[in-house]
Amino acid sequence: ALFALAHGTLTKLTWGRVAYAAALFIGGLILGWIFDTMGLLAAILAHASYDYTALWISNRVAMKYKEG
């Protein structure tokens, strides 16, 4: 929740922003669990894997809209 507040996600409430903040919160819980059970390096690698995948998907979607 603090991450979402710090990044302005909850400044103007819409259902999309609330859903995004909930996803951030759940993601934070998962990364916290990974940190507690497997350590910092595992949490860093999990976060980096997520970031890489999200950016790859975003790039594919952007390229699709650019072409058509």
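User: What is the handedness of the crossing in which α2 passes α3?

Analyst: This is a predicted model, in which local features need pLDDT of at least 70 and side-chain atom pairs count only at pLDDT 80 or more, while totals for chains, interfaces and linings use all residues. Residues are numbered from 1 along each chain as its sequence is written, and side-chain values use heavy atoms, with hydrogens and water left out. Helices are DSSP runs of H or I with at least four residues, strands are E runs of at least two, and both are numbered from the N terminus. A crossing is left-handed if the near helix is turned anticlockwise from the far one by less than a right angle, and right-handed if clockwise; the crossing of α2 past α3 is right-handed.

User: At roughly what angle do the axes of α2 and α3 cross?

Analyst: Axes are lines fitted to C-alpha atoms, for helices over the stretch in contact, with angles from 0 to 180 degrees between N-to-C directions. The axes of α2 (residues 15–38) and α3 come within 7 Å, and their crossing angle is roughly 150°.

User: How many charged residues does the contact of α2 with α3 have?

Analyst: With contact meaning heavy atoms within 4.5 Å, Leu31, Ile34, Phe35 and Met38 of α2 meet Leu40, Ala42, Ala43, Ala46 and His47 of α3. Ala, Val, Leu, Ile, Met, Phe, Trp, Tyr, Cys and Pro count as nonpolar, Asp, Glu, Lys and Arg as charged, and the others, Gly among them, as polar. By class there are 8 nonpolar residues and 1 polar one, and the number of charged residues is none.

User: Which residues does alanine 46 contact, leaving aside its neighbours within four places in sequence?

Analyst: Alanine 46 belongs to helix α3 (residues 40–67), and its C-alpha atom is separated by 7.4 Å from that of leucine 31, 15 residues apart along the chain. Beyond the neighbours set aside, the contacts of alanine 46 are Leu31 and Ile34.

User: Is histidine 47 buried, exposed or partly exposed?

Analyst: Buried means under 20% relative accessible area and exposed over 50%, with partly exposed in between (1.4 Å probe, protein chains only). Histidine 47, a residue of helix α3, has a relative accessible area of 37%, so histidine 47 counts as partly exposed.

User: Which residue just after α2 takes a positive phi?

Analyst: Just after α2 the backbone shows a positive phi of about 105°, and the residue that takes it is glycine 39.
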